[in-house]
Amino acid sequence: MGAVAGLAPLLAVVELGRTLLSPGPVDHGHVRMVVIAGAVGLFVRLLFTAASSGIGHLLDNHVQLTLRRQLAAQLGRVPLGWLSQRRTGELAKVVGEDVSAVHPFIAHTPGELVSAFVVPLVSLIYLFTVDWRLTLITLIPVVLAVALVPLMMTSARLREQEEFDAAMGRISSSVVEFVQGISVVKAFGRSGRAHRRFRTATDEFVGIFRR
């Protein structure tokens with residue numbers, strides 16, 4: 001409803017142009033009605049999109065809390081030997097960053113997907129009523145964009161994403177080790193070697209984007 005109502009101000013501008021540019025005296029009552037309709041549509045859009053975003057964020061908080069509790073319960077049951085073979089930063093990344101990564105898909109993606117389909121559909125219906133030939137011309141960039149999507153989902157692109165996730169895990173591990181070792185560095189020195197692992201991890205991360 002918010003996506004459809006968001007088109008009301010744009011359609012109001014079109015109708016105002018038609019009314020003001022048409023020959024003869026201007027129908028002031030019609031102009032006021034069009035302006036009010038556009039303003040109401042904008043208000044309805046803000047109201048419903050805010051409600052949709054609020055519901056999405058509440059659901060996202062519930063899902064993330066449930067996932068973290070389940071992960072914490074699972075980690076509490078694993079053998080100590082399994083934990084000793086993993087770095088603290090890697091586990092923190094799974095419980096923290098990886099769980100937080102679902103936020104866009106739960107809180108934002110549903111509303112954005114609805115807008116991405118509803119707004120073009122309603123707009124196309126309106127444009128076909130205006131001029132179907134110009135409407136077909138406007139669809140050419142859309143068809144080209146859809147045709148180029150499979151070219152972006154290559155195996156090389158998927159490997160880059162895996163390397164990105166692995167590099168982020170190494171950075172998280174090195175940060176945790178560096179922070180936990182600050183007291184040792186203060187006591188025994190060797191400050192130059194303390195952050196070497198972190199610098200190496202960040203250099204590897206940057207190197208992914210230089211290829």
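Is leucine 42 buried, partly exposed or exposed? Leucine 42 is partly exposed, because its relative accessible area is 42%, and partly exposed covers the range between buried (under 20%) and exposed (over 50%), with a 1.4 Å probe and protein chains only. The legends below come from a predicted model in which local features need pLDDT of at least 70 and side-chain atom pairs count only at pLDDT 80 or more, while totals for chains, interfaces and linings use all residues. Residues are numbered from 1 along each chain as its sequence is written, and side-chain values use heavy atoms, leaving out hydrogens and water.

**View 1. The whole chain, helix by helix.** Welcome to a chain with twelve helices and zero strands; helices (H or I, at least four residues) and strands (E, at least two) are DSSP runs, numbered from the N terminus. Of the 211 residues, 15% are buried. Among contacts with a separation of 6 or more, 73% join residues 24 or more positions apart, contact meaning heavy atoms within 4.5 Å.

**View 2. Helix α3 packed with helix α6.** Here α3 (residues 28–75) and α6 (residues 103–130) pack at an angle of about 165°, with axes 8 Å apart. That makes the pair roughly antiparallel, a label for angles over 145 degrees, whereas under 35 is roughly parallel, 65 to 115 roughly perpendicular and the rest oblique. The axes are lines fitted to C-alpha atoms over the stretch in contact, and angles run from 0 to 180 degrees between N-to-C directions. The crossing is right-handed, with the near helix turned clockwise from the far one by less than a right angle.

**View 3. Residues at the α3 and α6 contact.** From α3, look for Gly56, His57, Leu59, Asp60, Val63 and Gln64, which meet His103, Ile106, Ala107 and His108 of α6. By type, these residues are four nonpolar, five polar and one charged; Asp, Glu, Lys and Arg count as charged, Ala, Val, Leu, Ile, Met, Phe, Trp, Tyr, Cys and Pro as nonpolar, and the others, Gly among them, as polar.

**View 4. Leucine 42 and its partners.** Leucine 42 lies in helix α3. Beyond its neighbours within four places in sequence, leucine 42 touches Ala5 and Pro9. Its C-alpha atom is 6.4 Å from that of proline 9, 33 residues away along the chain.

**View 5. Arginine 197 in helix α12.** Arginine 197 belongs to α12 (residues 196–209). Its relative accessible area of 41% makes arginine 197 partly exposed.
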